[in-house]
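User: I would like to go through this model with you, one place at a time. Please keep the answers plain.

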Amino acid sequence: MTEGSNRTPDSLGQRLRMLRQRRGLSQQDLVTPDISASYISLIETNKRVPSEGVLQALAERVGTSVGYLRTGQEDDQAKELELKIAFGDMALRRGDDGEALQAYSEALAATPYLDAATARRARIGQALALERLGRLEAAISLLSPLFEDSATVLASAEWSRLALALCRCYRDTGDYVLSVEIGERAMRELERLGLGSTDDHLQLGAVLIDCYRIRGDLTRAHLLALRLISDDEHPGSQVARGGVYWNAALVARARHRPDEALILAERALALLAETDSARNQALLKETCGELLLESDRVDVDHAKELIEQALGVLVAIGTTHDQARGEIGLAKASLRLGEPARAGEHASRAIGLLSNQPPYQAAEARTVLAEALFAQGEGTHAQDTLRTAERQLALLPASRLSAEVWRRIGDLWQHHGHGPQAITAYQHALAQMGIPAALGVSAHAVQRSDRTGAGSHTQASRTRSRPEA
């Protein structure tokens, strides 16, 4: 504090009055051609918020800094908070999300002494750190009021950043309707204001492509990807353009075009290789490895090498979700290499990493683990694992991703001779894509039909095998 007092006054007006009185000055003594005594009275009673110029003039007259009048912090304290927030920004960029969250939270603990713009910056950083740590509901609770705040300028860089983060968070919680609604609204606003060739527009488009893909709208996802790629000649950043190619690759994969997907993913990786985004580069390497396992030009060893390289980076700077994805990829590669025991180890590690995450990826990991267990002759354990995966999937909203896991579960049941369970899983997969089972048809009905058919076929065979009279 500026001179011996035990407590800093809570408001700008109170601080101004305190310093004025300490110097033995009247309100009239602070008057200038632009500042009247009545206006000073209004400021001191917190009925007016002075402009930067007025604040500077008053600070000079009462012998303090603008920073102290505004925040109650001495300049060195204000600088310390600024440095803490800057450290949070740097930690977030390099992937140290826990450190970033701690820095932002410590700065926000001094909210009464932060100016509005600095506090807002810290809140946005805190929300982004929470998102990266998988605490999506907490992130949304911070992002939504900031996005809807009248102080947020429509189509500004900050507004676009908030829209992008909300779009991602709602997507990752499974609320695809709200995610798409926010993404489409934001893209329309940017296009309406002639900002359709900016990084903000490209990044929103990339996330929207992914939302369309996950909810099963592959045509819309493909068309948007084509449009954004065709506009790729504009001067967008490597990260934004790489994001479009990356999500276009995932759409091609969902359309069962693995070779096309691999080409798009390799293009994305080339773009991101020129950036300092180590986490995105690693995640994309994982994607390339997964695509190699599915491609016609299968190279399991190279795929495994790419995923191992990615996981080595993500253990240091990735989220548990990122690391689990790498473990699942290595489990799939190990199965292709005929190493089911190692595949089971990787899948089990993925399940352990996903204990506090949304259940989709944990269900996928359990499906891979079940395949490894079947391959090792542990049928009972494998069946229990599949049932757990089914219970997890039942908690999720309908999506193409869930449908794909249900389909894999059905294939495993079918391959190992469990027809009714396979039919039930296939019915779930169809329901996830909006195609419910026909009225009155169930797995048990099909099973009875199969048995009847088999019995009739056997009886007919016996009849035909008898010698004619």
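User: Is T319 buried or exposed?
Analyst: T319 counts as buried, at 10% relative accessibility. Buried means under 20% relative accessible area, exposed over 50%, and partly exposed in between, with a 1.4 Å probe and protein chains only. Please note that this is a predicted model, in which local features need pLDDT of at least 70, side-chain atom pairs count only at pLDDT 80 or more, and totals for chains, interfaces and linings use all residues. Residues are numbered from 1 along each chain as its sequence is written, and side-chain values use heavy atoms, with hydrogens and water left out.

User: Where does T319 lie, and what does it touch?
Analyst: T319 lies in the loop between α16 (300-317) and α17. Helices are DSSP runs of H or I with at least four residues, strands are runs of E with at least two, and both are numbered from the N terminus. Not counting residues up to four places away in sequence, T319 touches D97, R132 and R279; contact means heavy atoms within 4.5 Å.

User: Staying with α17, where is S334 found, and what does S334 touch?
Analyst: S334 is found in helix α17, residues 320-336. S334 is buried, with a relative accessible area of 0%. With residues up to four places away in sequence not counted, S334 touches E339, R342, A343 and H346.

User: Let us step back. How many helices and strands does the chain have?
Analyst: The secondary structure comes to 23 helices and zero strands. Of the 469 residues in the chain, 47% are buried. Among contacts between residues at least 6 apart in sequence, 55% join residues at least 24 apart.

User: Now the helix packing. How do α14 and α15 cross?
Analyst: Two packed helices are described by the angle between their axes and the distance between the axes. The axes of α14 (residues 258-272) and α15 (residues 278-294) come within 9 Å and cross at roughly 160 degrees. That makes α14 roughly antiparallel to α15. Axes are lines fitted to C-alpha atoms, for helices over the stretch in contact, and angles run from 0 to 180 degrees between N-to-C directions. Angles under 35 degrees count as roughly parallel, over 145 as roughly antiparallel, 65 to 115 as roughly perpendicular, and the rest as oblique.

User: Which residues make that contact between α14 and α15?
Analyst: From α14 they are P258, A261, L262, A265, E266, A268, L269 and L272, and from α15 they are N280, Q281, L284, K285, C288, L291, L292 and E294. By class, these residues divide into 11 nonpolar, two polar and three charged. Ala, Val, Leu, Ile, Met, Phe, Trp, Tyr, Cys and Pro count as nonpolar, Asp, Glu, Lys and Arg as charged, and the others, Gly among them, as polar.

User: Which residues of α14 are buried, and what do they pack against?
Analyst: The buried residues of α14 are P258, A261, L262, L264, A265, A268, L271 and L272. They pack against α12 (218-230), α13 (238-254) and α15.

User: And how do α13 and α15 pack?
Analyst: Their axes are 12 Å apart, at an angle of about 25 degrees. That makes α13 roughly parallel to α15. The contact is made by V239, W246, L250 and R253 of α13 with N280, L283, L284, T287, E290, L291 and E294 of α15. That contact has six nonpolar, two polar and three charged residues.

User: You mentioned α12. What is A225, in that helix, in contact with?
Analyst: Leaving aside its neighbours within four places in sequence, A225 is in contact with I209, V244 and A248. A225 is buried, with a relative accessible area of 4%.

User: Last topic, the backbone. Which residues have a positive phi without being a glycine?
Analyst: Most residues other than glycine have a negative phi. N46 and A155 are two residues with a positive phi, about 60 degrees for N46 and about 70 degrees for A155. N46 is placed in the loop between α2 (37-44) and α3 (52-62), and A155 in the loop between α8 (136-148) and α9 (157-173).

User: Are those two buried or exposed?
Analyst: N46 counts as partly exposed, at 44% relative accessibility, whereas A155 counts as buried, at 9%.
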